[in-house]
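I opened this notebook to record what I looked up in one structure, entry by entry.

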Amino acid sequence: MSNQSKESYKEKAAKVSYRDTLKSMDTEEHIDLWFYRPIGFMWAKLAARMGVTPNAITIASIFLGVGAGVAFYFNNMWINVVGMLLLVWANSFDSADGQLARMTGQYSRLGRILDGLAGDIWFTTIYFSLCFREIVTSPFFIEHHWVIWTLAVTTGMCHAKQASMADHYRQFHLFFLKGKDGSELENVDDLRARQKATPWKGNFWNKVTMAFYINYTVSQEKMTPNMEALRRVLRERFHDGAIPQRLRDDFRALSLPLMKYTNILSFNWRVIVLFIALFVKMPWIYFAFEFTVLNALMIYMVVRHEKICRAMTQRIKDGEYDE
């Protein structure tokens, strides 16, 4: 980064307040507002002064999260506590990278992909560590290795789907709240068109990451057919950006109660259960919680949101928001 760009970077960050670095009060989780966002803001301010980019912070969080996962392998509470602190540190960096991006306007699709990948790497390490720990310490799992591995693989796939859907619903809510510029909501057709228009020469990694991102977006859209129907109607009737404020307000009122479920399906509550499971020396509890409680919440959230989208689509077709 040149000295001139570093200076511009610092100037942008200096003008931004803490509140400006939040996505929205609708979608922020209470623990984040009380703990992670203030800490993330301080990290982001420091990073801006040093000329550190959001992606660099994300990469640093990967190393911290992997260190936490390794620490959870040991059946030693003090080492586990060190792992807990490392995981909290990693998540404060995960908060900081987004806050820094909003401070400096350094948004990128690569950054969004890397941010999601970081969490996947943390929890993959944690899952492996917990499984290896159980098969050397638990009499039941020593005799039945396949049980803990089956549970871990199944809940790992569920975890990925839970996080994906929580993110999708938050971005759709932000789209109604702030419009296109305030949301990272994507459309598969647009992504494919951009990928096709990008030449391979000089863009190899961009094309590869775009392919993964398209698959991620496809999986989200397959789970939300009524949301996609609503999005099509919005494009046809209002061309996205010209959505009447009354429609925005009505959707926000219906969607807002579901935001608490998107937060539960994210980081904080699953990690609280993870820490409890480690304190009582029964790591399998964490897998059971993800498979039962969090899956039930995800299903409920999807059903509720699809019902809302279906109702809003019908209201638009009935001309309720025609001016």
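**Entry: a loop residue**

I looked up Leu22 and found this residue buried, because its relative accessible area is 6% (buried means under 20%, exposed over 50% and partly exposed in between, with a 1.4 Å probe and protein chains only). Leu22 lies in the loop between helix H1 (3–14) and H2, where helices are DSSP runs, H or I, of at least four residues, numbered from the N terminus. I noted that 9.9 Å separates the C-alpha atoms of Leu22 and Met103, which are 81 residues apart along the chain.

**Entry: what I am working with**

This is a predicted model, in which local features need pLDDT of at least 70 and side-chain atom pairs count only at pLDDT 80 or more, while totals for chains, interfaces and linings use all residues. Residues are numbered from 1 along each chain as its sequence is written, and side-chain values use heavy atoms, with hydrogens and water left out.

I then turned to Tyr73, which sits in the loop between helix H3 (54–71) and helix H4 (77–104). Tyr73 is partly exposed, because its relative accessible area is 33%.

Tyr73 also belongs to a nonpolar surface patch of about 600 Å², together with Val70, Phe74, Ile79, Phe128, Phe132 and Val136. For such a patch, residues need over 30% relative accessible area and no salt bridge, with nonpolar side chains (Val, Leu, Ile, Met, Phe, Trp, Tyr) joined within 5 Å and like charges within 9 Å; a salt bridge is a side-chain nitrogen of Lys or Arg within 4 Å of a carboxyl oxygen of Asp or Glu. I found that helix H5 (residues 109–137) gives the most to the nonpolar patch, with 3 residues.

Conventions: Areas by Shrake-Rupley, 256 points an atom, 1.4 Å probe, with all protein chains shown as cover. Helix = DSSP H or I, 4+ residues; strand = E, 2+ residues; numbered from the N terminus.
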